[in-house]
Each structure stands twice: as structure tokens, then as C-alpha cells.
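Let's take a walk through this one, starting with the overall layout and ending with the charged pairs. Keep the viewer open as you read.

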Amino acid sequence: MNGLEQTCASLRTQIAATEAKLADLKRELEVAEQAAASHKIQNAADAEEGFERRWPLLDEEYRRYGRQMIVPQLGIQGQLKLRSAKVLIVGAGGLGCPAALYLAGAGVGMLGLVDGDSVESSNLHRQVLHRTRNIGKLKVDSAIEYLKELNPHSKYIAHREHLAPEAAPEIFSNYDLILDCTDNPATRYLISDTAVLLGKPLVSASALRTEGQLMVLNNPPRPAGDKTGGPCYRCVFPKPPPANTVTSCADGGIVGPVVGTMGVLQALEAIKVITADETSTAPPPSLHIFSAYSTPLFRTIKLRSRRPACAVCSAEASVTVDTVRSGSTDYIFFCGSADPENLLSPEERITPREYRTRHHGKEEKEPTIIDVREKVQYDICSLDNSINIPISTILASSSSAMSNGDSSADGVPALPPWVPADVASSQSTDPVYVVCRLGNDSQVAVKKLKELGLDQGGKRVVADIRGGFRAWKEQVDPEWPEY
Amino acid sequence: MSSEENTTFQIHYFASASTYTGKQTERLPAPLPLPRLFDTLESMYPGIKEKVLSSCGVSLGDEYVDVEADGEVVVIKPGDEVAVIPPVSSG
């Protein structure tokens with residue numbers, strides 16, 4: 001028996017050593033192959049310069065791009081335009097990955113990627129350039145690693161940073177076309193403004209849950225005040241959404257193929273802009289809306305030309321390269337920022353650890369916890385002693401109750417139907433705790449419950465569980481699923 | 001045109017407008033002057049004007065329209081299609 005175990009241990013060691021050796025060899029091969037590929041391209045380029053080559057593309061490029069070159073809309077002219085094009089992709093996430101994948105595949109000569117984030121496992125269901133082994137690696141590096149293997153002919157530039165106003169104009173100046181693949185309003189306005197000011201067409205897309213939007217903006221890219229130029233993001237959406245209503249993919253969710261569709265369409269629009277015939281006029285500006293669970297899947301809205309009073313592309317423009325770079329055009333201020341909620345006083349809050357010490361394993365039953373996550377999240381995981389009242393239900397009914405002026409005979413507001421009987425009862429002073437995913441909505445809910453008088457003027461504890469289930473997992477239940 | 005189409009228009013809600021109303025689409029009484037659209041929706045969905053509509057694009061038929069700034073008053077006619085399009089910023 002002992003001998004057998006020794007044999008196993010020895011075999012395991014040998015396998016590990018051999019695997020390490022194999023990994024080393026693979027790395028060496030990869031480096032050698034890349035060197036060989038660039039050497040080959042360089043040789044061909046040298047040959048091209050040295051003595052007149054008969055054909056503008058390399059042999060390998062004719063084979064590689066043949067299937068798209070024989071499409072009349074592209075042709076060899078289109079292919080040559082793609083090869084000399086410089087495209088900047090801002091954001092290497094759900095939109096940027098598929099967009100970069102197709103543009104690299106199509107033979108765009110130079111692709112720049114801007115992103116300061118690192119790969120997380122929650123990205124992998126949709127951010128198709130990132131692989132499990134690259135979790136923790138910078139997204140731009142992970143993406144470029146993939147793109148180089150896909151097409152070694154193109155040049156890839158890594159901008160390992162979040163796009164900042166002071167750096168944006170200089171970065172944009174090195175490219176011909178910009179793709180907005182970002183995830184927040186402030187950066188969207190920054191990208192659009194910079195694209196207009198530097199005269200670059202912009203392909204903008206976004207996606208959330210089951211819907212997406214796509215627009216080609218500032219096309220043609222005429223100077224501010226020239227009405228023949230294409231509209232910009234501000235022309236379509238002059239006012240940003242209120243900061244506390246902006247939903248991220250982390251909070252709202254996203255279906256992979258939905259954001260993938262939008263990113264692929266960005267690549268398509270980019271190819272159309274790059275390969276367009278100089279003599280043809282740009283197609284009329286449009287907003288394409290994709291809605292995965294509607295029929296039809298796509299709707300197209302004709303946009304207007306530039307807005308007469310647009311802050312950046314009209315004759316009355318107030319935004320300039322200097323105001324962007326200096327920060328006097330303040331994107332964070334313009335879009336507002338949704339600070340984490342801090343609505344409650346310390347005595348209206350309890351940490352998961354305090355909750356556990358106070359109520360777990362005692363003789364009396366654990367108090368009712370109101371879980372205000374949406375039902376779809378409650379269904380993923382929930383506590384046995386919790387009931388689900390989604391925050392959307394709470395907010396919807398409280399606003400309508402206020403506006404209708406509903407009140408019972410004694411002048412107290414009538415209780416909305418979602419209030420559970422034991423919470424509504426004035427006989428009970430059992431504490432009521434409210435929890436959500438991160439500890440913001442739970443505070444809003446506690447405030448609403450108190451407005452409805454459910455704390456019985458302070459006789460009954462109504463408190464939020466500070467930090468939500470994220471803190472719950474850290475402090476009391478490591479097995480709680482984090483999604 | 002069915003009788004319903006003689007007296008109503010179709011309104012489509014996207015993104016946060018759909019979340020807020022809990023609907024993708026519905027029919028509302030027509031004719032309705034376009035500048036009164038937001039107040040009509042506010043009376044049905046209190047709070048929607050500030051939280052959603054203030055930053056939305058709106059289309060009538062398949063064209064983008066300015067709800068408040070348009071010089072001559074556009075009227076939404078029976079059978080028209082209107083869409084409320086909030087900016088989606090994530091990706």
C-alpha cells in the first residue's frame with residue numbers, strides 16, 4: 001500500500017514537471033512564431049519597398065481576406081483602406097471584444113484599445129476575447145494577446161488606462177475612427193465631444209439586459225458649426241440621465257449575445273465608414289434599437305441633423321479641446337455621481353455580524369428579514385427567514401399612494417398592499433430587518449417603511465443590514481453564492 | 001383601421017422606460033399634442049418625468065422628434081407609433 005502511494009506521488013511529481021516543461025516549450029514556440037511572422041511581414045515589406053512588388057497585398061493577405069474582398073462593397077480598394085485605417089476602441093468589454101475581434105480579423109492596419117480594468121470571471125460570459133486563464137490580467141493585454149494570434153498583420157496599441165479628459169485629445173489624434181464601447185454616461189459624452197473636436201467619426205453602441213442601441217455619429221466629421229456634419233451624442237441625448245437611475249451590467253444584468261450583437265454591428269459600421277467611396281454621401285444618421293424579446297428585433301429611428309444649440313458641434317459651441325483637457329468641461333459634474341446611499345443614522349443600521357450575534361441560535365425565532373432584491377435575484381439564493389418585497393414594488397406603490405393622496409379615516413396614509421400582515425400589525429414590536437445585494441436599496445426601503453409609520457414611533461426596530469449580502473458573505477456566511 | 005386604431009396611438013417603451021412602466025408597449029388615447037405627452041405619462045406613472053423622460057429621446061413614426069422645442073405643435077394622431085428611448089450607457 002505504502003509502495004503504491006509512493007509510486008503515485010512520484011508519478012504526480014513527474015507529470016507536474018513534464019507539464020511545466022511543456023508550458024515552457026509552448027511559450028517559447030509562441031514567441032518564436034510571432035518573431036517569424038513579423039520577420040516575414042518585414043521581409044515582404046522590405047521587398048515591396050526595394051523593388052516594385054507586382055501586387056499591393058502579401059500572398060498570405062490575399063488568401064486571408066479573399067472572402068471579404070470579393071464582396072463588391074469592399075473589393076481590393078476597401079481592403080487597402082482597411083489596411084491603412086487606424087481605429088481606436090474605447091472599452092475592451094462586452095462591446096469592445098467582439099468589435100475588436102472582427103476589425104482585427106478584417107485587417108484593420110492599426111487597432112488601439114483603451115481600458116484600465118482587469119479581467120474578472122463575471123466578464124467571461126460575454127467578453128469574448130478574454131479567457132479563464134487571463135483572470136486578473138489587464139483587459140487590453142488579454143485582448144491583444146488574442147488578437148495577435150488571430151491576425152499578426154495588424155498593429156495593436158495598448159492604452160492601459162481609463163479614458164481621462166486630459167489624455168483623450170492626444171490619444172484620439174493618432175486614430176481615424178473611434179468606437180465607443182464604454183459603460184457610463186460621463187465617458188460617453190467625453191468620447192463624443194473629443195471625436196467632434198478632433199474631426200473623427202464615432203461608432204457608438206450600448207447594451208443592457210436584453211436591449212441595445214447603435215449610432216454612427218459625427219459622420220461626416222465636419223467642424224463645429226458646419227450643419228452638413230453628422231450629429232453628435234449630445235444632439236441625440238442633450239441631457240444625461242439622473243445619476244441614481246443609471247444601471248450598470250453588474251446591477252441590471254446583460255445577456256451575452258445581446259451585447260455581442262451590438263459590438264459586432266459596431267465593427268460592421270466601422271468597416272462601412274472606412275471603406276466608403278469618397279464620392280458617396282454618408283447614409284442619413286440613425287439610431288438603431290435592438291430588443292431581443294420584441295418583434296421586430298430591430299427598429300431604426302431617423303435622427304435629425306446637428307442640434308442648432310449643441311454645446312459641442314453647433315456654431316454656439318462652448319466645449320473646446322482646451323475646456324476638455326483643462327477639466328473646465330466637467331463630465332463628472334455634468335452627469336452627476338451616484339454616491340453610495342447613506343440615508344440612515346447608525347442606530348438604524350446593523351452589520352451582518354451584529355445581527356448574527358443578536359439573533360442567531362437564540363430561543364426565540366429569528367426575526368423576519370425583508371429582502372428587497374428583485375425576484376429574479378431572490379430566486380438565485382435567499383435566506384429561510386426572509387420574505388421578498390422587490391424595491392421596485394416598494395417605490396412604485398409609495399409614489400402612487402402619495403400622489404393619489406390615499407389616506408385612511410384617521411389621516412394616516414393607508415398601507416400599501418405589499419406590507420406583510422405581521423409588519424403592519426400594531427400589536428407586534430418584533431424587529432424588522434431589510435437586506436439587499438449591496439446595502440443601498442435596503443436603506444431606501446427602511447426610510448419608506450418608517451414613512452409609513454411601521455416603526456410605531458420608535459417602539460419597533462426597523463433597520464437595514466449594512467453592506468447587504470456582499471457583507472453578509474464576508475462576515476457570517478462564506479458559502480453564500482456571490483453572483 | 002380597427003375602431004381602436006381610430007382613437008388611440010401605440011407607444012413603445014425601451015430600457016428604463018420599460019422598467020419604470022412595467023410594459024413594453026400600450027395604446028393611449030389620440031389625438032394628443034406632442035408637448036402634452038410627458039405630462040400624460042407623468043399622470044399615469046408618477047415620477048417618470050424626472051427619473052426617465054427628462055433624458056429620453058422620443059420618436060414619432062420612425063423619426064426622432066423634440067417634444068418640447070418644436071416650433072409648430074405636432075399632434076400625435078390615431079394609429080401613430082411613438083417610442084420613448086432612454087439613453088442606455090452600459091456595455
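**Layout of chain A**

In chain A, the C-alpha centres of domain 1 and domain 2 lie 42 Å apart. Domain 1 covers residues 59–335 and domain 2 covers 346–476, with the bounds coming from an automatic or database domain assignment.

Some ground rules before going on. This is a predicted model, where local features need pLDDT of at least 70 and side-chain atom pairs count only at pLDDT 80 or more, while totals for chains, interfaces and linings use all residues. Residues are numbered from 1 along each chain as its sequence is written, chains are lettered from A and ligands numbered from 1 in the order in which they are written, and side-chain values use heavy atoms, with hydrogens and water left out.

Now zoom in on chain A. The UniProt record, an unreviewed entry, lists Cys232(A), Cys235(A), Cys310(A) and Cys313(A) under "binding site". The four span 82 residues in sequence, yet no two of their C-alpha atoms are more than 8.6 Å apart, so they gather at one spot. One caution about the record: UniProt positions are given in the numbering used here, feature names are shortened, and annotations may be inferred rather than shown by experiment.

Where does Cys232(A) sit? You'll find Cys232(A) in the loop between strand S6 (211–217) and helix H8 (233–236) of chain A; helices (H or I, at least four residues) and strands (E, at least two) are DSSP runs, numbered from the N terminus. Is Cys232(A) buried or exposed? Cys232(A) counts as buried because its relative accessibility is 0%. The scale works like this: buried means under 20% relative accessible area, exposed over 50%, and partly exposed in between (1.4 Å probe, protein chains only). Leaving aside neighbours within four places in sequence, Cys232(A) is in contact (heavy atoms within 4.5 Å) with Ser192(A), Val196(A), Leu217(A), Cys310(A), Val312(A) and Cys313(A).

Cys235(A) lies in helix H8 of chain A and is buried too, with a relative accessible area of 6%. Not counting residues up to four places away in sequence, Cys235(A) touches Arg306(A), Arg307(A), Cys310(A), Cys313(A) and Tyr64(B). That last residue leads us to the other chain.

**Where the chains meet**

The contact takes 26 residues from chain B and 43 residues from chain A. About 2,700 Å² is buried between the two chains, and carbon and sulfur atoms give 52% of that; buried area here is the accessible area (1.4 Å probe) that two parts lose on being put together, summed over both. On the chain B side, Tyr64(B), Ser89(B) and Gly91(B) lose the most area to chain A, together 26% of what that side buries.

How many salt bridges cross between chain B and chain A? The rule finds four across this interface, a salt bridge being a side-chain nitrogen of Lys or Arg within 4 Å of a carboxyl oxygen of Asp or Glu. Which element of chain B gives the most to the side that touches chain A? That is S5(B), with three residues.

**Charged pairs inside the chains**

Side chains of opposite charge can pair when their charged atoms come close. Over all chains, a search of the whole structure finds 23 salt bridges.

Start with a local pair: Arg64(A) and Glu60(A) meet in a salt bridge (3.1 Å, N to O). Both lie in helix H2 (residues 59–69) of chain A, four residues apart, about one turn of the helix. Arg64(A) counts as partly exposed, at 28% relative accessibility.

In chain B, the side chains of Glu4(B) and Arg27(B) meet in a salt bridge (4.0 Å, N to O). Glu4(B) is partly exposed at 44% relative accessibility, and Arg27(B) is partly exposed at 23%.

Another chain B bridge joins Asp39(B) and Lys49(B), whose closest N and O atoms are 2.7 Å apart. Asp39(B) lies in helix H3 (residues 37–44) and Lys49(B) in helix H4 (residues 48–51), so the pair ties together parts that are 10 residues apart in sequence.
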